[in-house]
Amino acid sequence: MAPSTKKPKSKRSAQQRSDDFIMNTNDSSIVSKRCVSKLYLPKEPDFYQPFVSKFVRRNPLINRGYWLRMHAIEQVVRCFIEEDPERPKVVVNLGCGYDPLPFQIWHRYPTICVNTTFVDVDYPHLIARKRDRMLTDSLLRDELLKTNLRPSEHPVYLRSDRYMALGCDLRDITTLERVLKAEFDTHSSHLLFVAEVSVTYMPISDSDALIHWASTLKDARFCLLEQYLPEGPDHPFAKTMLKHFDKLQTPIQAIKQYPSLKQQESRFINAGWLAVETSRNLWDLWGDDSFTPTHLRRSLDKVEPFDEWEEFALFASHYFMLVASNVISSAPGHAPAVGGLHAAAQRKNTMEMPLLTLTHYESPPGAQLTFRRFGAAFVLGEGTVAIHGGQGPQHRLANIDLLSRGQSKATIHPLPPTQARVCHTITPIDPNRALLVGGRKSPTQVLADCWMMANGAWEQVEDLEPGRYRHSSVKVEILSGESKTEAVLVCGGKTSDGIVLDEWCLWLPSQGWQTIPVTGPRPQARTSAAISTSNHSLSRGLLIGGMDPDGTVLDEIWSWEILASSTIQLRFIDRTRHINSLPAMSLHARLGASLLPFGDFLLLFGGICRKGILGFAEDFLLIFDGPIITYDVANLETMASGLPLLVGTSAVLASKEEIIITGGGAVCFSMGSFWNEGYFSITQGSQTPSPQTFSIAQIDQPSPPRDSDPIVRAKGKKETSNYQDSQNTDLPSVARVRLKSPEDFSQLVAASKPAIMEGLDLGPCVQLWTLEYLKEKLGVNRELVIHECDSDRMTFKDKNFQYVKRTVGEFLDGISKGKKTYLRAASKNQPNRLPTKIEDDFPTIASDFRLPEALSPILRSYHSSPLRISGPVSLWLHYDVLANVLCQIKGRKSLRLFPPSDVKYLNYPPGGSSSNINVLKSKDPKLSHTHPQIAVLGPGDVLFIPPMWSHTATPEEDVSVAVNVFFRNLSSGYAAGKDVYGNRDLQAYENGRRDVEKILKAFRDVPCDLAMFYLSRLAAEIQERAEQLGLQA
């Protein structure tokens, strides 16, 4: 009998674990949705707050992705309830999680939803938690009470006239049907089922059964929003996405049988639905003015700077929304996207198509190309390609990679210390000269500087104002009589104010920059357009695509020509209506594509298409610029094991017969990153160039100025510090790590060893928090309590500093002048009773700082987040009882950390967590027994400091800004009562100190020599036990 009782229990446990993993996806998504709600809907009540205890600011890409998901669902629900508003309607949210959809719709559309009832359906224990949180929150409880809340019995956890919470596994269709038919007149009601990324986690047979059952109801619609694979599982984004969900142990089931939109449409028709009213990917819906109006798209840019357009398009192109109906509607709607983007393959070519060969080359051993995207490549001499800047895996880059073929001896000096940048251009003028223009640090920190590279050396030339990024540039010739002058033509781009430019600028070596007047019609403002000269002239060419100020991809093709007489002018002709191609496809409508003359054609490739991502073959278009623009998909032969991601690449015409493509990749939403490895060559015919490989050299920028990006060091490599202390040179460095998931951080905490975490997104604070910005945001007259010291090191025991009140203006101005002052923020309202939290005490800058997703376990036991701003003064040695992460925002800082086992050498007074010993300069022989480690932090670095690791901190620059986040990592043992600073000792230690007093009192009547004898024995026994614990650890 025993075996038969254990087997079902094991099976239930496995199912329960699977269900838990699925419910965990709700916990993550609801945090992101709350962020969207707080940022983009600030005037709306915070319906998410009861389900998310701490506001976490996500990065702009995740915010915009979730905004689009939420917007898509809202539009479907709104249109549904607007139809025949007098008729009873039921909206059933399948796998609702903590989503507060009913409350949002009641708030936004109060007059049209009076006859609509919302039904939330999910796992019973999740619905139970949702009910409890709604009823204990005054906002949600009051809204429910307005709908006549009444008693209910399981599986109905809440019921009112307009709301029902149903605890039901979606696989249990019997219960779902029984309750719905008992609670509603399903024959006279109009039903809408909504499944937002929920049923895709179910086994396919179960989700198909659910979809079929819903179709049997008399008057129903089904809205499905979830992932799909428009280009199959081998597309780089798809591979990253599938790997991510597999790692979470929540594999996406539906795509195994229904990977495409066409297959999803057939799925619903075969399940009994009469029609598919809408079937489109979210990127297509984003660009549809009737679905996402222009004013709405533009309003998002006012909330937070955004420039992750390609990544946003990749995400939105892998999510679709389908609406099926079992009633044929006469209302106009969007036709399903049955043909996808592959209809071009069904066309017969109208041009003589040359064969192109794409060859992939791996980097040679020991000479790895730098991973980068949105850099700039240019040809240097004969046989050498240089690639500069761009976004690397952790930060923006300023270095240069050289690809040199054969015997090429081209060399280049590093660019003088300047800002690392992305989205800039470098345009070759001749084999020995190239012009670098603009780019950006962040979308609000745009660069105007320009640099001329001549014979391998860089020289700064006239700035192009205003600064711009995502502009386009091309080498041109100015013809005047029989003379010709080589120049660089720059068009479009975006400024730090978010203005998209429509101006055309020309750089002449002898005159610098000038804005060129346009005669006749002109293209509208745009970013990231593709521009090239024609095959036969450097004075005319084509401008294709780009993105307009509204955030949609343009499908225009313009020809341009430089006219030079007494003045230089530009003339344009709109060729968009004169294209010989399949009109419905608009394969040329792209953002961030490359356009290069190649043989008798222009080759357009890469970037993001207007309607969605393209098949790899369709990525390459051959364009013939004749009286009519003619283009077709290239006849491409691929000699590569895996598909590249042609986003953020840099491409150059290395010779008349060969194009070199380097770099590229993308952040795949919250699911990881993909980087193209090695480089690619495009040649005509099937012959690959000889020799077939390049050698690689890397040119690093000289040491950056203090306000530039931190240099990321290799993991395990010993760091050196600018701090003038000879003791630093022989000390081991704290390990540097890169986290891939919250689980990685939990393991780090469990190991209880300090580590510097690289590559985490702390939000825009890293760029924004200059002293002037902080002064403006905090208010110059706000008073702060700070430490003020005459020495370069504060001591706690002797108190060689004073606590003084200073205004923000006085404090920050003093730091800028080198004053030795230090702020460890305290609670604004109750500094002696409550721990400080940046969101409460500094709300005007709190949204600039975000705790990265990988550190989300902190939120479960979050204690405080003091803001730390320091001038050139060191902090005394101390330990913290709570675990914490020190997030370095501005400046560089070195810390010396000592493990808990060193405490007996560090002169801590009894019951004190601060020491007066100067570990930087002391000659105390006890320090020779310690085991310190050095951590040098730059902007963006995050140091994990485990409990009881003694540490002292010294700024390496005149100013340091950091946010220190404390949390409880122990399940028990903390002392009861208040702990303002996170350094109140554990309860066991406080009890032990009281016990020590009792022991001493017990010996007060014993002669001194005998008391010392026994007390020494007790001390030795305690020490022996402590050492045994150390061995066990």
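**Terms and values**

Guide: The count of aromatic pairs comes to 38. Rings of Phe, Tyr and Trp (its six-membered ring) pair if their centres lie within 6.5 Å; planes under 30 degrees apart count as stacked, over 60 as edge-to-face and the rest as tilted. This is a predicted model, in which local features need pLDDT of at least 70 and side-chain atom pairs count only at pLDDT 80 or more, while totals for chains, interfaces and linings use all residues. Residues are numbered from 1 along each chain as its sequence is written, and side-chain values use heavy atoms, with hydrogens and water left out.

Visitor: Why is the pair of Phe103 and Trp106 called edge-to-face?

Guide: The ring centres of Phe103 and Trp106 are 5.3 Å apart, within the 6.5 Å limit, and their planes stand at 70 degrees, over 60, so the pair is edge-to-face. Both residues belong to helix H3 (residues 101–108) and are 3 residues apart, about one turn of the helix. Helices (H or I, at least four residues) and strands (E, at least two) are DSSP runs, numbered from the N terminus. Phe103 and Trp106 are both buried, a word that means under 20% relative accessible area, with exposed over 50% and partly exposed in between (1.4 Å probe, protein chains only).

Visitor: Which residues form one aromatic cluster with Trp67?

Guide: Trp283, Trp286, Phe306, Trp309 and Phe312 form one cluster with Trp67.

Visitor: How do you know that the charged end of Arg64 sits over the ring of Phe306?

Guide: A charge sits over a ring if NZ of Lys or CZ of Arg is within 6 Å of the ring centre and within 35 degrees of the ring normal. The charged end of Arg64 is 4.1 Å from the centre of the Phe306 ring, and it sits over that ring. Arg968 likewise has its charged end over a ring, that of Tyr974, 5.8 Å from the centre.

Visitor: What makes S23 and S24 edge strands?

Guide: Five strands form an open sheet of mixed pairing, in the order S23-S27-S26-S25-S24. Strand S23 (518–519) and strand S24 (530–533) are its edge strands, since each pairs on one side only. Two strands pair if DSSP finds at least two bridges between them. S24 and strand S25 (residues 540–544) have 4 bridges, in the antiparallel sense. In S25, Ile544 is the bridge partner of Ala530.

Visitor: Why is the contact of Lys54 and Glu839 called a salt bridge?

Guide: Side chains of opposite charge can pair when their charged atoms come close. A salt bridge is a side-chain nitrogen of Lys or Arg within 4 Å of a carboxyl oxygen of Asp or Glu. For Lys54 and Glu839 the N to O distance is 3.4 Å, and the two side chains meet in a salt bridge. The pair links distant parts of the chain, 785 residues apart: Lys54 is in the loop between helix H1 (2–40) and helix H2 (60–82), and Glu839 is in helix H17 (residues 838–841).

Visitor: Why is Glu839 called partly exposed?

Guide: Glu839 has 27% relative accessibility, which lies between the limits for buried and exposed, so Glu839 counts as partly exposed. Lys54 has a relative accessible area of 17%, under 20%, and is therefore buried.

Visitor: What distance separates the closest N and O atoms of Glu310 and Arg470?

Guide: They are 2.7 Å apart, and Glu310 forms a salt bridge with Arg470. Glu310 lies in helix H12 (residues 309–317) and Arg470 in the loop between strand S18 (457–461) and strand S19 (472–480), so the pair ties together parts that are 160 residues apart in sequence. Glu310, at 2% relative accessibility, counts as buried, and Arg470 counts as buried at 6%.

Visitor: How many salt bridges are found in the whole structure?

Guide: The search finds 56 salt bridges.
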